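Subject: Structure handover

Hello,

Here is the structure you are taking over. Please open it before reading the notes that follow.

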Amino acid sequence: MAVAASAVVTLQQDSAATYPIGASVDFYASGTGASFAAGTGVTIINTPGLKFRAVGSVATAMKVAANTWLVFGDLSA
């Protein structure tokens, strides 16, 4: 899924967006300044940060537990 410049991908809690544990969604930055954010009640596990490093960077959000996502890929702080 493409993420436009300065767009924020907000990962929602289970009551708003139902994904099974183990599900993943791949994203790529089609513009600069794209990032991830946690919705209310959501925990994101990540390192080093939640911003796409550059245009063309790729990241994956994987649901690892109820209301908990692991975000990994070409990210920066």
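This is a predicted model: local features need pLDDT of at least 70, side-chain atom pairs count only at pLDDT 80 or more; totals for chains, interfaces and linings use all residues.

In general, strands of a sheet pair through backbone hydrogen bonds, either parallel or antiparallel. Both senses can be found here. β3 and β7 are antiparallel and share 5 bridges; in this pair, Y28 lies opposite V58 of β7. β7 and β8 are also antiparallel, with 6 bridges between them, and T60 has F72 in β8 as its bridge partner. The hairpin made by β7 and β8 has 2 residues between the strands, and N67 has a positive phi there, near 55 degrees. β5 and β8, by contrast, run parallel and are joined by 4 bridges. T43 is bridged to T68 in β8.

In soluble globular proteins, nonpolar side chains tend to be buried together. The largest nonpolar core in this model has 15 residues, and those with the most contacts inside it are L11, F27, F36, F52, A61 and V71. Two or more residues come from each of β2 (8-11), β3 (24-29), β7 (58-65) and β8 (68-73).

Apart from neighbours within four places in sequence, V71 is in contact with L11, F36, I44, I45, N46, T47, L50, T60 and A61.

Is I44 buried or exposed? I44 counts as buried because its relative accessibility is 15%, and the cut-off for buried is under 20%. Leaving out neighbours within four places in sequence, I44 touches L11, A37, A38, L50, W69 and V71. S6 is 38 residues from I44 along the chain, and their C-alpha atoms are 19 Å apart.

The aromatic residues

How many aromatic pairs does the structure hold? There are 3 aromatic pairs. One of them joins F27 and F36 edge-to-face, with 5.3 Å from centre to centre and 85 degrees between the planes. F27 and F36 are both buried. Together with F52, these two residues form one aromatic cluster.

A buried serine

S57 sits in the loop between β6 (51-52) and β7. S57 is buried, with a relative accessible area of 1%. Which atom of A54 does the side chain of S57 reach? The side chain of S57 reaches the backbone nitrogen of A54 at 2.9 Å. The side chain of S57 also makes a polar contact with the side chain of D74, again at 2.9 Å. Beyond neighbours within four places in sequence, S57 is in contact with F27, Y28, A29, F52 and D74. Among these, F27 and F52 are also members of the aromatic cluster.

Regards

Note on methods. Residues are numbered from 1 along each chain as its sequence is written. Side-chain values use heavy atoms; hydrogens and water are left out. A nonpolar core is a set of buried Ala, Val, Leu, Ile, Met, Phe, Trp, Tyr and Cys residues joined through side-chain atoms within 4.5 Å. Buried means under 20% relative accessible area, exposed over 50%, partly exposed in between (1.4 Å probe, protein chains only). Contact means heavy atoms within 4.5 Å. A polar contact is a pair of N or O atoms within 3.5 Å; within protein, one must be able to donate a hydrogen and the other to accept it, and residues adjacent in sequence count only if both atoms are side-chain atoms. Two strands pair if DSSP finds at least two bridges between them. Rings of Phe, Tyr and Trp (its six-membered ring) pair if their centres lie within 6.5 Å; planes under 30 degrees apart count as stacked, over 60 as edge-to-face and the rest as tilted.
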